[in-house]
Amino acid sequence: MKMKWKSGAAVLMMASMLLTAACGGNATTGGAKDTAAKGGDTPKPADKKIVLGFAQVGAESGWRTANTKSIQDSAKEAGIELKFSDAQQKQENQIKAIRSYIAQKVDVIAFSPVVESGWDTVLKEAKDANIPVVLTDRAVDSKDTSLYRTFLGSDFVEEGRNAGKWLLEKVKDQKGPVNIVELQGTTGSAPAIDRKKGFEEVIKDNANLKIVKSQTGDFTRAKGKEVMEAFIKSAKAENTKMDVLYAHNDDMALGAIQALEEAGMKPGKDILIISMDGTKDAFQAMKDGKINVIIECNPLMGPQVMQIVKDIVAGKEVPKRILTKEGVFPQETAAKELPNRQY
Ligand code: AHR
């Protein structure tokens, strides 16, 4: 009798599961393929390769090049078929790429959004097509967090805070004004917004620390140099001193160093330089005394991305936010750390 009840209940449960799958899943998973990814439907056959569509920001920096390589190498190693596109720092190109991945019915879409805003429509299209989305490196500002499955990347606000904390300690005995010039990352991008926010939050109660000039250098070496040249020119014209350069990435810092040297200044001595990322080139410059501190941002997230993709396809739950680990490297650590840098 008991047995009969049990098998009746099992049939009912099966029927309800099938119905859920047929109706396209629930609000958090977003549909049939998503339901499958959570284990509520037939999982992908083991002999079929997982297909991942990855829409990259571009090739604007050493960090990005390392990130792309990490994604490509890890996909190969994990046996995942990778469809890769480079958006050349343009949101419309990334949207096009995501739409093409939807049309090709890939298993998972991952992307590193060039800017924070304006993703809801295309993410809704992916959700309606039941394709899970993974955000890597940069966040979107969508209110509807069901539009993506997880976000793997750094805490950019914390990176900004770490830069601010280092500076406060460095200039704590300096009585007069500390004039800071800032090279921001790509306008509207998560790292540019958050690194500025974290830095300002930490220095705001120190009246002598002031950001006197701030402009985007678009995360590139060429633009970093160009903007720094303009800063130098106007500082000369206004007869003001620049005490600190806060650069949102290594490439802009390295471009700025070139501009400073061409103007006869000694980077790292005449002006303190705070940089972010931790590329080999920047560590070399720090070893040479031209950068004073590097706040690390880790691009080597490929293995983690592939694991997340596999977990999603296998129907496992993945945490909504996964943070990457990173450190703070002052100049005195440069010589020891340089040989360990992988990017
Ligand atoms: O989103 C990460 C940032 O983007 C890195 O700091 C920068 O170098 C890159 O271009």
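Visitor: At what angle do helix α6 and helix α7 pack, and how far apart are their axes?
Guide: In this predicted model, helix α6 (residues 156–170) and helix α7 (residues 190–203) pack at an angle of about 40°, and their axes are 6 Å apart. Axes here are lines fitted to C-alpha atoms, for helices over the stretch in contact, and angles run from 0 to 180 degrees between N-to-C directions. Helices (H or I, at least four residues) and strands (E, at least two) are DSSP runs, numbered from the N terminus.

Visitor: How are the residues numbered, and what does the model leave out?
Guide: Residues are numbered from 1 along each chain as its sequence is written, and side-chain values use heavy atoms, with hydrogens and water left out. As the model is predicted, local features need pLDDT of at least 70 and side-chain atom pairs count only at pLDDT 80 or more, while totals for chains, interfaces and linings use all residues.

Visitor: Back to α6 and α7: which residues meet?
Guide: Among them are F156, V157 and L168 in α6, and A190, F199 and I203 in α7; contact means heavy atoms within 4.5 Å. By class, the contact of α6 with α7 has 10 nonpolar, three polar and six charged residues. In this scheme Ala, Val, Leu, Ile, Met, Phe, Trp, Tyr, Cys and Pro count as nonpolar, Asp, Glu, Lys and Arg as charged, and the others, Gly among them, as polar.

Visitor: Now α8. Which of its residues are buried?
Guide: They are G224, K225, V227, M228, F231, I232 and A235. Buried means under 20% relative accessible area, exposed over 50%, and partly exposed in between (1.4 Å probe, protein chains only).

Visitor: What do those buried residues pack against?
Guide: The buried residues of α8 pack against β6 (178–184), β7 (209–216), β8 (244–247) and α9 (250–262).

Visitor: What is found at the two ends of α8?
Guide: At its start, a side-chain oxygen of T220 comes to within 3.2 Å of the backbone nitrogen of K223. Just after α8, N239 has a positive phi of about 55°.

Visitor: And α9, how many of its residues are buried?
Guide: Of the 13 residues of α9, 10 are buried, so this helix is largely enclosed by the rest of the structure. Including D250, M252 and L260, the buried residues also count G255 and A259.

Visitor: What happens at the start of α9, and just after it?
Guide: A side-chain oxygen of N249 reaches to within 3.3 Å of the backbone nitrogen of D251 at the start. Just after α9, G264 takes a positive phi of about 85°.

Visitor: On to the loops. Where is T186, and is it buried or exposed?
Guide: T186 is in the loop between β6 and α7, and with a relative accessible area of 8% T186 is buried. Leaving aside neighbours within four places in sequence, T186 is in contact with Q89, A192, T216, D218 and F219.

Visitor: Where does Q89 lie, and what is its phi?
Guide: Q89 lies in the loop between β2 (81–86) and α4 (91–103). Its phi is near 60°, a positive value in a residue other than glycine. Q89 counts as buried, at 18% relative accessibility.

Visitor: What about D137?
Guide: Phi of D137 is near 70°, again positive in a residue other than glycine. D137 lies in the loop between β4 (133–136) and β5 (150–153) and counts as buried at 2% relative accessibility.

Technical notes:
A polar contact is a pair of N or O atoms within 3.5 Å; within protein, one must be able to donate a hydrogen and the other to accept it, and residues adjacent in sequence count only if both atoms are side-chain atoms.
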